[in-house]
Amino acid sequence: MDRLSLLVWVPVITMIVISFFKDPKKVRLIAAAGMAVQLVQIILLMLAFFAERQAGNDAEMLFFKDIAWYSNLNIHYTVGIDGISLSLILLTGIVIFTGVFASWEITDRAQEFFITLILLATGVFGFFISLDLFTMFLFYELAVIPMYLLIGIWGSGPKEYSAMKLTLMLMGASALLLVGLLGIYFNSAPDGGPLTFNYIEISKIHLPEAVQYFFFPLTFVGFGVLAALYPFHTWSPDGHASAPTAVSMLHAGVLMKLGGYGALRIAVMLMPQAAHEMAWIFIILATIGAVYGALGAIAQKDLKYINAYSSVSHLGLILFATLIFNQVAFEGAVLQMISHGLITALFFALIGMIYSRTHTRNIYEMGGIMKVMPVLGTAYMVAGFASLGLPGFSAFVAEMTIFVGSFQNSALFVRVATILVISSIVITAVYILRAAAIMLYGPLRKQEFELLPDARWYDKVAVFILIGAIAGMGMFPNWLAEMIYTDFTPMFNRFIAN
Amino acid sequence: MHTDMFSYTVWIPLILLAAFLLVGLLSDKLKPLVAGLISTAAILLAAVLAYSAAAGYFFGAGLQDGHYTTLIPFEQLWLRFTDTLVIKMGILLDPISVMMLVVVTTVSAMVHIYSFGYMKGEKGFQRYYAFLSLFSFSMLGLVMATNLFQMYIFWELVGVSSYLLIGFYYQRPSAVAASKKAFIVTRFADLGFLIGILLLSYYTRTFDFMTLTQPNSGILSSAAGVSFMGASVLTWALVLIFMGGAGKSAMFPLHIWLPDAMEGPTPVSALIHAATMVVAGVYLVARLFAVYALGAPAALEVVAFIGAFTSLFAAIIAITQTDIKRVLAYSTISQIGYMMLALGVSGYGSEAGLGYTASMFHLFTHAMFKALLFLGAGAVIHAVHSNEMTDMGGLRKHLPITHFTFLIAALAISGIPPLAGFFSKDEILAAAHGHYPLYFWSGWFVAGLTAFYMFRLYFRVFWGEDRQYEHKPHDAPPSMAIALIFLALASVVVGFIPFSHYVSANGEPYTTHMHWQVAALSVAIAVAGIGLAAWMYLRPGTVADRLAAAMPGLYKWSKNKFYIDEIYLWVTRTLIFKGLAWPIAWFDRHVVDGTMNGMAWATAQVSEKIKGLQSGQLQQYAYAMVLGAVAFLLLLLYWGA
């Protein structure tokens, strides 16, 4: 079996093993073990990848494997990775592993919960290794559908409403996306010959411009909805607020990145002319998203809503960077996907932990809890500082790469949009520090919080791993940045040539 | 090369980083005393290295062919954007960075020692020392930065250290609010800094100070050539960068965070908000001075104007404040205004760059006597448990050491010879006079105000009647006294350093002479200020109150700090929160999301209406089918014909 398919098989085997056990304690141990194996194999894969690159293997996709599985339509199971997908795979591995620890206290139908959660992760891993649009789409759906069950069954608050809303909006987006992908497929051989779903192959040809103009917006919006493209972001606050902790982590941390990844890799890269012509519309929407999301976050009282709006803002940055069309900005988009994935996962993990103690997410009902829970409080501050782009944490690296990249585009329109987008980092500081000041500092507001326990060992596992990853990327960014930048080169050259 | 002999300087910040990580991560597992000793040992070691670097640089390797060169003993790639735009982490040694090394490590070491006494028994003692180490690390990284982006990185890190230390007493709401305000105001200013960096680097293709400040390299010409809205892009970039500097250095109108920052522990105010971090803005302009002076003199005029205005503005406010730390805070703002003014009026060259030398000189002397003033104020607060002048009086009998050292510092800042402030202020006023006489007169007037408000403070605290004290005020314990005495000695001697032999705009040493007329004028107004203060506050009487009553408008505006805080509150509360954030949140829930829900509702309504069609009755279906077939047939016939 090839290395990359193992990324799908390890979660599948974990699910099969879990299905033999009912006891929540055993189930979570198996889930943790399975995801630990997964994380280790991702790290080994990464080392192997570096070794290959070091040895001078400059193929665009490494560990390439191609199996035709429905040859009538030329649908293949084609897998391969480059530095871009690899770094997102690493992100997914970290988030799902820590997500299991953040779900340690789940006892209600634990078996089903962990199976569904890991199924979602399986879809994500499959998505990132696929080079065939059809297979990719299948994995994408595999990642979206479990969401409905996870929120609807294990959620809180108006969970049925939120689950329904989230699923319907994402399904609507999928419909656009499917049309877009099929459109690409049916035009993938303008000079005759067999049609193909392989996006590397498609990127080498020139899709007719009329086709691009029709299918680019469909594909970009289709992926964009998942990346909270304004004004299609409203599933996100409700969805996050109702979702259980690990699901929020995985959803904001990873699933929303599928949108950014697809928008960049499929919509922009395969249809460069249309992207170029229509960029202004989406630059406006992304800029609105970045600033509006941040302003919206200032007015929220619920921790999860704050973080959901913050995600709208930070994903606005990603979408913005995909539309600047230079290699540094593209690199920044990917760095921001990883950085935001880690930070938002940390935030949602902490919110879950705080909620399980105080039974409220309303910041005004808390106050002074830093004194009672110094570890969780400090971790929340670290997440906050990381999120507002303090140097030494990952977001600074990602945001600066986006800003420097965007600034290389000297068109006045882009310049103005860039400056607006940069201003969102000030607003970020406002809502982060506001929430921290109300919730963590000051005198203890409720005496009954006096006795609340601080982080337990499994909380610490999740929190420390995520903080380690955020700080690691923030302090030693260059290996990751170089890997992403270098592996963008072949794609970018074709993009320019087209 | 000479750079090798300085490669140890990389350890200066790293020692402090190690101390921060050690004390911060172990935190409560360490005994408070052990935590304090680790941090203090680290800063003392750093100070030793900094002094040896200074000696080695100024009296040896730094001087080459008659001028001071820039050395880069260490540089490491950190993040690459493009081939030329890369962030490096390095160590840059030139006269001003070496001078700053001495300032930062000296004041920081004194504050570390002082804090043993001042913070004794406080909860969070370990956390306090960890943050002090973090701050010292960041500040040293900032002063030794080799490129703009490295400076920006450490700039943000000093900002966060300042936030953490202002909010040290995190259960006190006023401290939390002050820390938040400080961070957000400076962050807003840093937005300008960042955009300025991006703009400058877009045209010059570099972040490196070495390349940017090379005179005659032509690197600035492309940016100077492009104009936007009536000024060159270079001017815009430098004004934006200055905005960042103005935020950190609390220049008008971005000064509002500094007085509130006094909520932090007093030694922190001495270190961060008097001697080191707040002068980072001055240091930034000095660092890029060649770019300002040669590429965009218009931007330098902005610096001069803001500096002159702020120094006057803050001095007027300082006169009426009653919280002793706030008086000192406004005094700091005013003195930094002086430094900015000096830079703004300076030219590029050796003698022509008198303002540059004066600015750095004043930065150096001010760090000593202002840190001393704050530490002295801390000793007073420690003794009487209040910040208010109204709770103080007659303390000279109870606190002899504090009283004597405070008096030295007050004389120094007032510009009385032969104390340190006299020499540096004299140079600033001389440079201002050479550029534009109005700046000289406003600076001269500020010198009088400074002497007045300083001695108003001094007389009200140390002279006059005793108040009701909770317990008999006790003088500073040894750890605090050591720091006070050391800094008092420094305030006496540092003025005699022939500064222009070491620091000049283009690196060439030169000799300054006393400007006797300027000196006579400034000493005269300082003595007048002290005399006025003595007349008003030394004798029992109501002169001050009557004076305030005579000028009600001015008094009220000064007392209320010209209502700048209220303007900010209005902008943030009313415009941004109520005018923007809340409406957006509402709009998002009701309009954007409402549309989505509306679509779902409409779908549900339509399906509700037409669900009757799916009745399950076979007759109905057959009927509809026949009807449909007939209709279809008719259509076909019609179109077919």
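Author: What follows is a set of brief questions and answers on this model.

Author: This is a predicted model, in which local features need pLDDT of at least 70, side-chain atom pairs count only at pLDDT 80 or more, and totals for chains, interfaces and linings use all residues. Residues are numbered from 1 along each chain as its sequence is written, while chains are lettered from A and ligands numbered from 1 in the order in which they are written.

Reader: How many helices and strands are there in chain B?

Author: Helices (H or I, at least four residues) and strands (E, at least two) are DSSP runs, numbered from the N terminus. By that count chain B has 25 helices and six strands.

Reader: What share of the residues in chain B is buried?

Author: A residue is buried if 20 or more other C-beta atoms lie within 10 Å of its own, exposed if 12 or fewer, and partly exposed in between; C-beta atoms are placed from the backbone. The C-alpha trace of chain B spans about 115 × 65 × 55 Å along its principal axes. Of the 641 residues in chain B, the buried share is 55%.

Reader: What part of the contacts in chain B with a separation of 6 or more comes from residues 24 or more positions apart?

Author: Two residues are in contact if their C-beta atoms, placed from the backbone, lie within 7 Å. For contacts in chain B with a separation of 6 or more, residues 24 or more positions apart account for 80%.

Reader: Which helix gives the most to the side of chain A that touches chain B?

Author: The contact takes 39 residues from chain A and 37 residues from chain B. Helices of chain A that each supply at least two residues include α6 (159-186), α11 (272-298) and α17 (412-439). With eight residues, the top contributor is α17(A).

Reader: How many residues on that side of chain A are nonpolar?

Author: Ala, Val, Leu, Ile, Met, Phe, Trp, Tyr, Cys and Pro count as nonpolar, Asp, Glu, Lys and Arg as charged, and the others, Gly among them, as polar. On the side of chain A that touches chain B, ten residues are polar and two are charged. The nonpolar ones number 27.

Reader: Are α12(A) and α13(A) roughly parallel or roughly antiparallel?

Author: Axes are lines fitted to C-alpha atoms, for helices over the stretch in contact, and angles run from 0 to 180 degrees between N-to-C directions. Angles under 35 degrees count as roughly parallel, over 145 as roughly antiparallel, 65 to 115 as roughly perpendicular and the rest as oblique. Helix α12 (residues 303-322) and helix α13 (residues 327-358) of chain A pack at about 170 degrees, with axes 8 Å apart. The pair is therefore roughly antiparallel.

Reader: What is the handedness of the crossing of α17(B) and α19(B)?

Author: Helix α17 (residues 400-414) and helix α19 (residues 437-462) of chain B pack at about 165 degrees, with axes 9 Å apart. That makes α17(B) roughly antiparallel to α19(B). A crossing is left-handed if the near helix is turned anticlockwise from the far one by less than a right angle, and right-handed if clockwise. Here the crossing is left-handed.

Reader: Which residues of α19(B) meet α17(B)?

Author: From α17(B), the residues include His403(B), Phe406(B) and Leu407(B). By class, the contact has nine nonpolar, three polar and no charged residues. The α19(B) side is Thr450(B), Ala451(B), Met454(B), Phe455(B), Tyr458(B) and Phe462(B).

Reader: Where is Pro253(B)?

Author: A cis peptide bond joins Phe252(B) and Pro253(B), with omega about 0 degrees. Pro253(B) sits in the loop between α9 (233-248) and α10 (257-260) of chain B.

Reader: Is Ala228(A) buried or exposed?

Author: Ala228(A) is not a glycine, yet its phi is positive, near 55 degrees. Ala228(A) lies in the loop between α8 (209-226) and α9 (235-242) of chain A. Because Ala228(A) has 29 C-beta neighbours inside 10 Å, its class is buried.

Reader: How far apart in space are Glu331(A) and Asp487(A)?

Author: Glu331(A) lies in helix α13 of chain A. Glu331(A) is buried, with 30 other C-beta atoms within 10 Å. In sequence, Glu331(A) and Asp487(A) are 156 residues apart. C-alpha to C-alpha, the distance in space is 9.4 Å.
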